[in-house]
Amino acid sequence: MNRKGIVRKATLTAFAVALGFAGTAPALAASAGTPIHTTADLNGDGTPEDVVSWQAGRGDQVVSAIVNGRRTSIHLPADGRVGILPPRVADLNGDGRAELLVATSFGADTTTFSVLHFDGRKLSRVVGADHRPFSVAEGGGTAAHLGYMCMAPGGDRLFVTVVSSADDVALPADEITYTGTRTIYALRDGALRVLEEDAFAGRPTSDTITMVYAPSCV
C-alpha cells in the first residue's frame, strides 16, 4: 500500500456540521454498552489489530486497540439517540497505516466523522490545517452534497472532500445543481495539509469536481 511522491497540489478544509434536528438511526448502529469489533492495521506491520469500540454513556464512545503490545484508547463524542457505528477503515495517504473514520453524529441524511490515526504511541485525532481535530461530513440529502474520496494523481494518495449546498431544491432531483468547495489534502504525521481548494457553482453531482466515493480510500 506504500505510495511515494506528491505531484499535484491539494487542500484540506475541516467541516463541522451542526446537527440539531432528529435523524434516523442507521441500521447497523449498536446500542449502549455493546462492543463493536473492527480489524485495521494501525501500525503498518502487515498484521491487523483488533479495534474495539463501545458507547460508554450518552454522548460518549470509546475506541480502543492493542498496538505493539500496549492498549491505547480514546474517547469521542457519540450521538446518544442512535448508538454507534463500526469505524470505517481507510488509508488516507497510502502509507500502509490505517486511519479510522468514526461516526460522531447523525441527522438529516448527514453523518459526521472524526478521523483517528495511531501516532506511534496512541490513538489520536487527525488535525486540520488549523491544528484542530478534523471532521468530515457525508450525505446531505438533496439540500446538500457532502462527502470524501481519495485519489493518487502523482503516485501518492491524497484525500479529497466536497462541501456544497443545493442551488434550488424545488427542482426535480436529477436537475439539482450544487455550489461549494472541493478541497484536496495531503496527510502526514496525523496532520492534514492544504494543497488546493477549488470553488465551484451550478454543478450537478455527475460533474467530476463534485465526485465523492468513500471506498476509494480503503
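**View A. Cysteine 150 and its disulfide partner.** Cysteine 150 is tucked away in this predicted model: its relative accessible area is 6%, so it counts as buried. Its partner is cysteine 217, and the two sulfur atoms sit 2.1 Å apart, forming a disulfide. In case the word is new to you, a disulfide is a covalent bond between the sulfur atoms of two cysteines. Cysteine 217 is buried too, with a relative accessibility of 0%. The count for this model comes to one disulfide.

View B. Which hand does the disulfide of cysteine 150 and cysteine 217 have? The torsion about its S-S bond is about 100°, so it is right-handed. Now look at where the two ends come from: cysteine 150 belongs to strand E10, while cysteine 217 is in the segment after strand E13 (191-203). The pair therefore ties together parts that are 67 residues apart in sequence.

**View C. Phenylalanine 134 meets phenylalanine 159.** Searching the whole structure turns up four aromatic pairs. In one of them, the rings of phenylalanine 134 and phenylalanine 159 have centres 6.1 Å apart and planes at 75°, so this pair is edge-to-face. Phenylalanine 134 is in the loop between strand E8 (123-125) and strand E9 (135-139), whereas phenylalanine 159 is in strand E11 (residues 158-166), so the pair links parts that are 25 residues apart in sequence. Buried or exposed? Phenylalanine 134 has a relative accessible area of 0% and is buried, and phenylalanine 159 is buried at 0% as well.

**View D. Tyrosine 148 joins in.** Phenylalanine 159 also pairs with tyrosine 148, this time in a tilted arrangement: 5.7 Å centre to centre, with 55° between the planes. Tyrosine 148 is in strand E10 (residues 144-151) and phenylalanine 159 in strand E11, so this pair ties together parts eleven residues apart in sequence. Both residues are buried.

**View E. Asparagine 93 in its loop.** Asparagine 93 is found in the loop between strand E5 (88-90) and strand E6 (99-107). Despite being in a loop, asparagine 93 is buried, at a relative accessible area of 12%.

View F. Leaving out residues up to four places away in sequence, asparagine 93 touches Glu99, Asp156, Arg157 and Leu187.

Methods: Residues are numbered from 1 along each chain as its sequence is written. This is a predicted model: local features need pLDDT of at least 70, side-chain atom pairs count only at pLDDT 80 or more; totals for chains, interfaces and linings use all residues. Side-chain values use heavy atoms; hydrogens and water are left out. Helices (H or I, at least four residues) and strands (E, at least two) are DSSP runs, numbered from the N terminus. Buried means under 20% relative accessible area, exposed over 50%, partly exposed in between (1.4 Å probe, protein chains only). Contact means heavy atoms within 4.5 Å. Rings of Phe, Tyr and Trp (its six-membered ring) pair if their centres lie within 6.5 Å; planes under 30 degrees apart count as stacked, over 60 as edge-to-face and the rest as tilted. A disulfide is a pair of cysteine sulfur atoms within 2.5 Å.
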